[in-house]
Amino acid sequence: MKKIFTAFVLMFFFVPVFAQFGKVLENSRVQGSFEVDGMYYFPDTKMGITDSLINGRNFAMNGFGEIIYTLGDFSAGVRYEAYLPPIAGFDKRLEGQGIPYMWASYNTERFSITVGNFYEQFGNGLVLRTYQEWTLGYDNSLNGAKVQFEPVEGVVLKGVYGVQRFFWNKYTKNSRGIVKGLDGEIDLNDLITSMENSKLRLSIGGSFVSKYQADNDPIFKLPRNVGSGAARFNLGIGKFNFSSEYAHKINDPSAINGYIYKPGDAFIFNASYSTKGLGILGVFKRIDNFSYKSDRAETANALDINFLPPIIEPNTYMLSSMYPYATQPNGEIGFQFQVNYKVPRKSKLGGKYGMDITFNYSQLNDIVRKPAGDTSAINVPGTLGYTSDFFKFSDHIFMRDVRFSVHKKFSRKFKGTFIYLNQLFDIATIQGHAGAPVIHDNIVITDMTYKFTSRSSLRWELQGLFTEQDKGDWAAALVEYTLSPHWFASISDQWNYGNPDDNDKLHYYTVAGGYSIKTTRISLTYGRQREGVVCVGGVCRAVPASSGFYLTISSSF
Amino acid sequence: MKNLKLFIFLLSAVFLISACEKIDPPYKETNEGGGGDTTALVRKVLLEDYTGHQCVNCAGAAITSHELKELYKGQLVLMAVHAGPFAEPMPNTLFTADYRTEAGNQWNDYFGVQQYPSGMVNRKEYNGEVVLAKDKWGEAIASLLSESADAKIDIDNSYENGKLTTGIKVKFVHDMSGSYMLQVCITEDSIVSAQKNNDPNAGDVPVIKDFVFMHMLRGAVNGVWGEDIFNGSIEPGKEYSVTYQYNITGVAKNSHVVAFVYKKSDKEIVQVEEAPVIKE
């Protein structure tokens, strides 16, 4: 009788709890993604990769798993990462495993708060952008709190406060800076009812960010609080669009700028015109002493508070990515001009399917520097450093990239892309190869695809890079067969036939295959990876030469 | 609630606006750093500068270490360790010299130095890192100099016909415990050869053809990791003496003996001493 009574009481209390729990489960949503990149290295004496260089570390692995849980207005997530050891070319300080990223967030229509790790961007990122780029091994997330508030329709205020991720190093007192920031943006079309349907679309915004880092340096007097502010607008008038952002930073002596005390400036201006079949884009950008890190002694790709957007078009083809541009935070001035034109269908040039033509010209120079007055030389540590006229271009060109591309569909089954690039690349400045001559190169690329059936297709690339500098001429070819929706196989080779040293006229061949099902993808590559540099958004990492198997498994749910 | 949120943002704004600090010239500290009087027993600090003649930023780091030496004088001992890819010789160029040493190579691998220039200050962790960027050397040194010395090292050198005889005496002055090692090395000044460089303030760009290398590690007298000297509980006044003989291959009048005592467990250096091979 006692047992029956106990069971009755338990049921009385717990059935509603179970019912409530069931309701919670019903309203919960879990999503996530995983990726594992593994490398098995072989010695390759022709590439200078010996057993002693590998030193027993034949295996390398980068991997992550991310899970996000959502229940109504509440969400939370964690990301596990492992670099055991990191794949060659990734910062060795990544070696380790654990959970570097976890957060919880509460979001309502007008208000949201996040605690833990988070990413955020103010405007173009000139004063604050935290983000993760897996291919670079880059993560400058903030760990702290983020608040977003929309007091009225069309006005968004944001505040952030925290410390940045630095590989696996936990924050301890004075180990790196503390970042705080505030951003506001007003969309006048949303705020003012009479402008709701206006052809003129205008938004304005402003940001302020400050970092605190203790000054324990025995040589320099260092500012503990370094503030930076930015103002921006975005104006759309019919088919025209203009946007701009200007940022200013007070004295921020650091390892990057050589401990000079000059304030920094950054400016970017975009103008575009877009109509059916035609798009025109013009960009002007100027960076002057605008590295902004939460540890002034850091020189590697870590602890950047801000982001300086690139204006050189990114390259994805094997040879066109040979000389990628890395943003020069100490100073650069340049512009980009791009025209996209679609030759109409059924015209003489466009043929049955039309044709896409793109022309792009990008150039970045050094800024002009003059002695600041407190010294006869420029960039002397412990001085103002220099002065600089805002719109003056130095004769020193960092990079010029002129490209012309045509994308043409010849028939229902056959299409192709043809690209010509002419580049000037100052490898001494951009990659630190002191004394190396400026590279002038011409690159031609053809990328053709033939569809056999709706499921199977063959794609092939032929590429050539021609230069008298650096490693000389290259040729490359790729053939890829795809059997949709699951299989692909490819074979490629990059041949440095023009290398001045006969021993280095090497073939960098790869054979790859892969299988996809729904959101899961597995690929295996065998071959040689040439030494080079990988850049995403002007942020770069060096990639050493390697030889072996490369396995990637990724999935999301 | 709405007013509270607005208040929080306004408070933040006021706080942020006050978060700027403009420094007025002179931008350099005017303190003398101390370190002048080393007749009394003081803690001395070893700065190891991991460098290479093909490293374009390393000439600037040598200037930094020199400035720190000027500041802390005898309380700071410098050692430039040529190791890693930028220290490799390159045939048929200005960089044919091989300044690497067995000890330097092994230390470089053990401590995982991967960027050059990098350095270690007493091989002790500072803000979570043992291997430090050059601009952290100064504050790491400053953080150690105020500590009292744990040990005293005396070096007594004699030199004849290329052969050095160095007598090392270590005396602990505090109650201590654990295992301690003694490492004895040779450094050499004023070696002139080419150094790559991208810093106009450090010299010619892209190559300083007649760069003067200072404090260069030339070899380890008693092996790559030295030898055990104490184990277990150590009472104040406990002494260890040893004498080594070593063939000097460089210029003896420019060479120094650097001796340091470190913990076997984490390699942290507790005391260092330096003396010229030929007595002044």
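**Entry 1: a sheet in chain B**

I looked up B:Ile155 and found its bridge partner in strand 6 of chain B, B:Ile168. This is a predicted model, so I read every value below as computed from a prediction. I then asked how many bridges join strand 5 of chain B to strand 6 of chain B. There are 10, and the two strands run antiparallel. Strand 6 of chain B covers residues 163-172.

**Entry 2: domains of chain A**

I turned to chain A and its domain assignment. The assignment gives domain 1 as 1-107, domain 2 as 110-309 and domain 3 as 320-557. I took the first pair further. The centres of domain 1 and domain 2 of chain A, taken over C-alpha atoms, are 29 Å apart. Domain 1 of chain A brings 25 residues to the contact, and domain 2 of chain A brings 22.

How much area is buried between domain 1 and domain 2 of chain A? I note about 1,800 Å², with 55% of it from carbon and sulfur atoms. On the domain 1 side, A:Arg93, A:Pro100 and A:Tyr101 supply 30% of the area buried against domain 2 of chain A.

**Entry 3**

I searched the interface of domain 1 and domain 2 of chain A for salt bridges and found three. I also found 13 residue pairs in polar contact there, both residues at pLDDT 80 or more. Which elements of domain 1 of chain A give two or more residues to the side touching domain 2 of chain A? They are strand 1 (28-41), strand 2 (59-71), strand 3 (74-83) and strand 4 (96-107) of chain A. Strand 4 of chain A gives the largest share of that side, 12 residues.

**Entry 3: individual salt bridges**

I checked two pairs by name. A:Glu81 and A:Arg165 meet through their side chains in a salt bridge, at 3.1 Å from N to O. A:Asp139 and A:Arg79 form a salt bridge at 2.9 Å, N to O. This second pair links distant parts of the chain, 60 residues apart. A:Asp139 sits in strand 9 (residues 138-139) of chain A, and A:Arg79 in strand 3 of chain A. Over all chains, I count 48 salt bridges.

Note on methods. Residues numbered from 1 in each chain as written. Chains lettered and ligands numbered in written order. Predicted model: local features only at pLDDT ≥ 70, side-chain atom pairs only at ≥ 80, totals over all residues. Heavy atoms only, no water. Pairing = 2+ DSSP bridges. Helix = DSSP H or I, 4+ residues; strand = E, 2+ residues; numbered from the N terminus. Domains from an automatic or database assignment. Contact = heavy atoms within 4.5 Å. Buried area = accessible area lost by both parts, 1.4 Å probe. Salt bridge = Lys/Arg side-chain N within 4 Å of Asp/Glu carboxyl O. Polar contact = N/O pair within 3.5 Å; in protein donor to acceptor, adjacent residues only side chain to side chain.
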